[in-house]
Amino acid sequence: MEEETKSAPINSVMETSAFDPKARDNPHPILKDVQSQCPVYRDEDGKIWLLSKYENVREIVNDRSLWRHPANAEEGSFMRLFATSGDQNTDERVADRPSILFMDDPDHSRVRPPIAKALYARINKKKGEIEHIVNQVIDAAPSSGIFNIIDDICIPIPILVIARLIGVEESRVAEFREWSEASILSLAAIRTPEQEERMKWGSDKLAEYFHALIAERRTAPADDLISDLVQAQQEGLDLTDDEIEVNLIGLLIGGNLTTTDLIGNGTWLFLTHPDQKAVLMKDASLAPAAVEEVLRYESPVGITTRVMSEERAVGGCPMKPHEGMMMSLHAANRDPDVFDNPDQFDITRKHTSHVAFGGGAHICIGAPLARIEAQQAFVKIFERYPTLRLANRAVKWRDLPFFRGLEELWVEG
Ligand code: HEM
């Protein structure tokens with residue numbers, strides 16, 4: 001009898017992303033197949049590897065010798081598409097002005113630590129205010145009836161919080177949200193001409209706004225992160241004006257969509273798992289564990305990437321320098337070799353060491369902030385709406401590839 005040859009369950013990495021309608025509704029079944037049948041998958045057309053086992057994902061995200069900037073990836077590869085967008089309009093400017101997200105050493109080691117230090121000092125100083133903003137938004141949402149909780153609670157919380165920390169005008173948060181959503185299309189890799197236009201518009205608006213605001217804070221400092229960084233620079237910190245600007249924009253964008261998705265995905269999970277909601281409502285001290293389980297089970301960010309810098313094998317497959325690697329955080333977070341009953345949403349589970357925030361030198365800088373906001377949000381939402389339930393309408397997942405979040409979650413308060 002002829003031996004059956006195993007073929008991959010997908011023809012392109014895009015089939016695992018929200019670009020594909022089936023994966024948009026639920027990416028986990030196809031990722032499970034990829035993980036079990038082809039854990040180190042090569043997309044020849046996209047010239048990219050897809051790693052889906054926890055062990056390989058951890059190994060690669062933690063490896064500080066690999067590149068992050070997509071311009072290091074081979075010519076014609078899927079990853080190169082990320083390099084042709086970013087915060088600015090032209091390839092050269094992106095290469096010249098990456099935020100820490102796409103920066104490599106030695107610059108990353110110079111730029112990230114002082115920004116992280118300033119951000120964490122701000123978060124510590126303003127923790128009470130952050131929780132107060134979360135409570136205020138939830139108190140201002142409709143007291144009863146049917147409403148889309150994404151619009152009324154999940155979107156306003158992160159944008160108001162990050163606006164307060166950074167020091168941008170809170171009266172303009174609707175505009176910031178629009179600019180951020182347009183600008184984050186840079187991470188979509190494949191865009192329609194309309195999306196391309198929108199992305200450029202959003203990036204320009206943000207750059208213009210921050211440029212003026214930074215100049216203003218130089219002459220009139222305020223109690224905010226912009227002033228902290230400008231002041232540190234005046235006292236000798238080795239950061240250029242461009243680096244301050246591009247990274248403040250990065251924080252504004254990074255802090256928005258992802259945290260909205262964390263709060264939205266979690267609310268949906270609790271409403272579809274009433275037993276888990278009851279556990280949390282009975283004991284609010286479980287909020288930190290609940291947030292970790294939401295992050296593991298429905299990670300808002302589906303992938304992260306690195307570029308191979310030397311010849312070596314990963315998961316037994318030989319790889320060459322400049323080959324791009326995409327790590328499925330969704331698949332790794334449900335790896336049955338690491339998590340017991342990985343498809344069970346259980347806020348009391350013991351092993352919670354997920355990779356939803358990536359890892360190594362590039363691990364999400366905003367993780368502590370996202371955690372504070374989500375912990376407070378889950379407790380407060382179910383305190384204010386103890387009988388909250390899903391309204392009789394379909395949920396709608398967003399179609400931004402490799403992100404996972406709800407556009408519409410209609411609930412009845
Ligand atoms: C639930 C919410 C969030 C999730 C799931 C998330 C996820 C991620 C992931 C997966 C990475 C890439 C890590 C890697 O490649 O190893 C990342 C990086 C980053 N995130 Fe987040 N993030 C969240 C919230 C935030 C917030 C609130 C901010 C800003 C305040 C932020 C700013 C950034 C920045 C600037 C980077 C680049 C860090 C670097 O490369 O050094 N994120 N995030």
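Modeller: A word on the model before the answer. This is a predicted model, in which local features need pLDDT of at least 70, side-chain atom pairs count only at pLDDT 80 or more, and totals for chains, interfaces and linings use all residues. Residues are numbered from 1 along each chain as its sequence is written, and side-chain values use heavy atoms, with hydrogens and water left out.

Look at the ligand's oxygen atoms next. In the side chain of H362, an N or O atom is 2.6 Å from a ligand oxygen. For H108, a polar side-chain atom lies 2.7 Å from an oxygen of the ligand. For R112, the distance is 2.8 Å. The cut-off for a polar contact is a pair of N or O atoms within 3.5 Å; within protein, one must be able to donate a hydrogen and the other to accept it, and residues adjacent in sequence count only if both atoms are side-chain atoms.

Which elements build the shell? Helices (H or I, at least four residues) and strands (E, at least two) are DSSP runs, numbered from the N terminus.

A disulfide is a pair of cysteine sulfur atoms within 2.5 Å. By that rule, the model has zero disulfides. Take C154: the nearest cysteine sulfur belongs to C364 and is 18 Å away. C154 is buried, at 0% relative accessible area. C364 is partly exposed, at 32%. Buried means under 20% relative accessible area, exposed over 50%, and partly exposed in between (1.4 Å probe, protein chains only).

C154 also touches I149. I149 sits in helix 8 (residues 149-154) and is buried, with 0% relative accessibility. Leaving aside neighbours within four places in sequence, its contacts are C154, T267, I381, L388, L409 and V411. Contact means heavy atoms within 4.5 Å.

Now step to helix 12 (residues 225-234). Its buried residues include L225, I226, S227, L229, V230 and Q233. They pack against helix 6, helix 9 (156-166), helix 11 (193-219) and helix 13. D224 caps the N-terminal end of helix 12, with a side-chain oxygen 3.4 Å from the backbone nitrogen of I226. Just after the helix, G236 takes a positive phi of about 115 degrees.

R217 belongs to helix 11. R217 is buried, with a relative accessible area of 12%. Its side chain reaches the backbone oxygen of G167 at 2.7 Å. Neighbours within four places in sequence aside, R217 contacts G167, A222, D224, I226 and S227.

I226 also meets F210. Beyond four places in sequence, F210 contacts I166, V168, I226, E245, L248, I249 and L252. In the largest nonpolar core, with 88 residues, I166 and F210 touch the most other members. Helix 18 gives this core its largest share, nine residues. Another core of 18 residues lies apart from it, with C317, M325, L329 and V355 among its members. A nonpolar core is a set of buried Ala, Val, Leu, Ile, Met, Phe, Trp, Tyr and Cys residues joined through side-chain atoms within 4.5 Å.

R349 is in the loop between helix 17 (329-332) and helix 18. R349 is buried, at 12%, and its side chain reaches the backbone oxygen of Q344 at 2.9 Å. D63 is in the loop between helix 3 (54-61) and helix 4 (80-83). D63 is buried, at 18%. A polar contact of 2.7 Å joins the side chains of D63 and R312.
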